[in-house]
Amino acid sequence: MTHEPANNDHEVEAKYRVDDLQRLITALARRQVVLTEPSVQDDQAYAPAGWSYGMSKVGVPFARLRTQEGRHLFTVKKPIDNEMACLEHECVILDRDAMHAALATMGWVPTVRIVKQRRVGDWDGATVCVDVVDGLGAFVEVERVVSSQHSGEQVQHGLDAMIRSLGVPVRRVVDTYDTLIWNLTSAAVRTSAPFRGGGSSPRMLPPRL
């Protein structure tokens with residue numbers, strides 16, 4: 001994350017599936033968006049005990065432990081307007097296993113593991129993330145950090161206009177990666193059909209403690 005939110009700021013984002021990743025990267029380059037080299041993010045998502053997929057996320061705090069290039073981050077997000085307009089607090093931690101144990105002691109439950117390769121760039125004050133997610137494929141996110149006085153949905157309209165201006169075929173996604181993985185895995189279990197999508201198998205990864 002390029003911008004560190006203040007205590008009352010929202011992180012607002014819009015997310016899209018991408019069919020032609022190279023075309024997207026080329027279009028971003030034409031807008032002078034310089035992307036970093038790919039970096040692997042290994043995330044474990046957590047939810048409060050008693051919450052389950054299918055229930056609303058709005059107003060509910062969710063936690064995440066992330067490891068990237070040997071650095072561990074602890075994040076809590078609380079969706080406000082929708083799943084992608086959240087209050088967010090994040091800090092570096094030294095011991096991921098100890099933080100996992102602390103979360104379990106406090107009643108948080110590990111839900112979904114998300115592993116992806118991410119490239120990041122800046123675009124007119126927004127942060128662009130180009131992701132290739134294990135089991136899901138390629139995505140682009142664009143996000144802004146705004147004060148709580150702003151409507152998350154209005155900010156998302158502006159972000160959507162930015163992405164559409166690239167002229168690249170994309171499909172808007174309103175779910176977070178953990179929900180997408182959970183839905184895909186649940187569907188595969190229900191149908192017992194082999195996965196035919198891009199990327200690696202959508203089988204649930206073991207929790208990353």
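**Exercises on a predicted model**

Strand 2 (residues 39-48) contributes 7 residues to the lining of the largest pocket, the most that is given to it; the model behind these exercises is a predicted one.

**Exercise 1.** Describe the largest pocket by its volume, its central residues and the make-up of its lining.

*Solution.* Begin with the volume, which is about 970 Å³. Next, take the 48 lining residues, of which Asp43, Arg64, Arg66, Lys77 and Arg118 are the closest to the centre of the pocket. Finally, sort the lining by residue class, which gives 18 nonpolar, 10 polar and 20 charged residues.

**Exercise 2.** Determine whether threonine 176 is buried or exposed, and find what its side chain contacts.

*Solution.* First, locate threonine 176 in the loop between strand 9 (170-173) and helix 4 (177-191). Its relative accessibility is 16%, and because buried means under 20%, threonine 176 counts as buried. Then look at its side chain, which makes a polar contact of 2.8 Å with the side chain of lysine 57. Leaving aside neighbours within four places in sequence, threonine 176 is in contact with Lys15, Lys57, Glu83 and Met84.

**Exercise 3.** Work out how the buried residues of helix 2 are arranged around its axis, and what covers them.

*Solution.* In helix 2 (residues 96-105), the buried residues are Arg96, Met99, His100 and Leu103. Viewed down the helix axis, these buried residues fall within an arc of 105°, and therefore they line one face of helix 2. Their cover includes strand 2, strand 3 (62-68), strand 4 (71-82), strand 5 (85-93) and strand 6 (108-123). To complete the picture, check both ends: at the start of helix 2, a side-chain oxygen of aspartate 95 comes to within 3.1 Å of the backbone nitrogen of aspartate 97, while just after helix 2, glycine 107 adopts a positive phi of about 95°.

Methods: Residues are numbered from 1 along each chain as its sequence is written. This is a predicted model: local features need pLDDT of at least 70, side-chain atom pairs count only at pLDDT 80 or more; totals for chains, interfaces and linings use all residues. Side-chain values use heavy atoms; hydrogens and water are left out. On a 1 Å grid over the protein atoms alone, a cavity is a set of points where a 1.4 Å probe fits but cannot get out, and a pocket is an open set with protein on both sides within 12 Å along at least five of seven lines; lining residues have an atom within 4 Å of a point. Grid points are joined across faces, edges and corners, and a volume is the space filled by probe spheres set on the points. Helices (H or I, at least four residues) and strands (E, at least two) are DSSP runs, numbered from the N terminus. Ala, Val, Leu, Ile, Met, Phe, Trp, Tyr, Cys and Pro count as nonpolar, Asp, Glu, Lys and Arg as charged, and the others, Gly among them, as polar. Buried means under 20% relative accessible area, exposed over 50%, partly exposed in between (1.4 Å probe, protein chains only). A polar contact is a pair of N or O atoms within 3.5 Å; within protein, one must be able to donate a hydrogen and the other to accept it, and residues adjacent in sequence count only if both atoms are side-chain atoms. Contact means heavy atoms within 4.5 Å. The arc is that of the directions from the helix axis to the C-beta atoms.
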